[in-house]
Amino acid sequence: MDYLRLGTTGLTVSRICLGMMSYGDPAGPNGWALPEPDAEPLVKAAVDGGVTFFDTADVYSAGTSEIVTGNLLRKFFPRRDDYVLATKVFFPVGDRGHNAQGLSRKHIMAAIDDSLTRLDTDHVDLYQIHRWDENTPIEETMEALHDVVKAGKARYIGASSMYAWRFAKAQHVAEKNGWTKFVAMQNHYNLLYREEEREMLPLCADQGVGVIPWSPLARGVLARAGTEVTTARTGSDARIDYLYDPENDKVILDRVAHVARDRDLPAAQIALAWLLHQPAVTAPIVGATKGRHVDDAVAAVSVSLSQEELAFLEAPYRSREVRF
């Protein structure tokens, strides 16, 4: 495993971040989520492979992902400082009223305490806004996040999928007022979706913001390049159809499969290796519901692609609608 600083901070993270959305209560909103006993060997394999960076959110499995995350990380790491823990705030967790969502001061202050209780820790390393809140002034949000950091409940703050101009506005508001700025951007970025290359990635590179993409394998679509395999998530995850178009993406998928055959490697390793070669990317967030998913993610860190292979994979891409 390789390790990098997150942006220009002093925080070191593994080049693979294990996404914990896959773990929680299968009876909840994520019907494909794995309960804690099934998640345990996968998290252990990631830890054994050198992964020290873990990302969850309060909304995943209605909070049970955070519970599983906290339980397993305490089991596999002897000290809290041995791993980097990230979670997110924005979406409602269950039916709890109008103020239990968004990025108001009221919700942020309540949500961080709820997350810390479920995670059973006194702080998270990275507290991220899950989306942009059009109903709350960004000044209110940034000051509340600053207060969360100053209270010791989060070490750093990050953001997720938004337009680059909004991210720049949030950073400007924080800087103008002497508040804590975002150090990370968790955005949608993979071989099938590269709209972030137009504005967000150059902005992050210029400002020293670490990039930790979600869905680096396009919700498993890239991992299945060259096969007809389907999964439990394929039939239950409506966002796959929203984010991707298998017919339009076929040329890219065929090229991933071609390079994978030439290198005698799984398609997942090729797609992740491409992402790890992108200079703005610190650590893609990889979900895992099978042992091979962890193995492929860890192995991808060591896969070196030639300039010719990178160009071959990138050439078919065409602009598409922005998808958050």
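Hi everyone. First, the ground rules: because the model is predicted, local features need pLDDT of at least 70 and side-chain atom pairs count only at pLDDT 80 or more, while totals for chains, interfaces and linings use all residues. Residues are numbered from 1 along each chain as its sequence is written, and side-chain values use heavy atoms, leaving out hydrogens and water.

Let's start with the whole protein. There are 12 helices and 10 strands; these are DSSP runs numbered from the N terminus, with helices being H or I of at least four residues and strands E of at least two. The radius of gyration is 19 Å, close to the 20 Å from the globule rule for 324 residues, so the protein is as compact as a globular protein of that length. That radius is taken over C-alpha atoms, and the rule is 2.2 Å times the number of residues to the power 0.38. Along the principal axes, the C-alpha trace spans about 55 × 40 × 35 Å.

How much of the protein is buried? The figure is 56% of the 324 residues, where buried means under 20% relative accessible area, exposed over 50%, and partly exposed in between, using a 1.4 Å probe and protein chains only. As for contacts (heavy atoms within 4.5 Å), among those between residues at least 6 apart in sequence, 78% join residues at least 24 apart.

Now have a look at helix 10, residues 267-276. Here 10 of the 10 residues are buried, so this helix is largely enclosed by the rest of the structure. Its cover includes helix 9 (250-263), strand 10 (285-287), helix 11 (291-300) and helix 12 (307-314).

Next, helix 4, residues 138-150. Its 13 residues reach 18 Å from first C-alpha to last, close to the 18 Å expected, that expectation being 1.5 Å times one less than the number of residues. Among its buried residues are M142, H146 and V149, and the cover over the buried set includes helix 5 (164-177) and strand 8 (182-186). After the helix comes G152, with a positive phi near 85°.

Finally, which loop holds T180? It is the loop between helix 5 and strand 8. At 17% relative accessibility, T180 counts as buried. Leaving aside residues up to four places away in sequence, T180 touches M142, H146, V149, I157 and A174.

Thanks, everyone!
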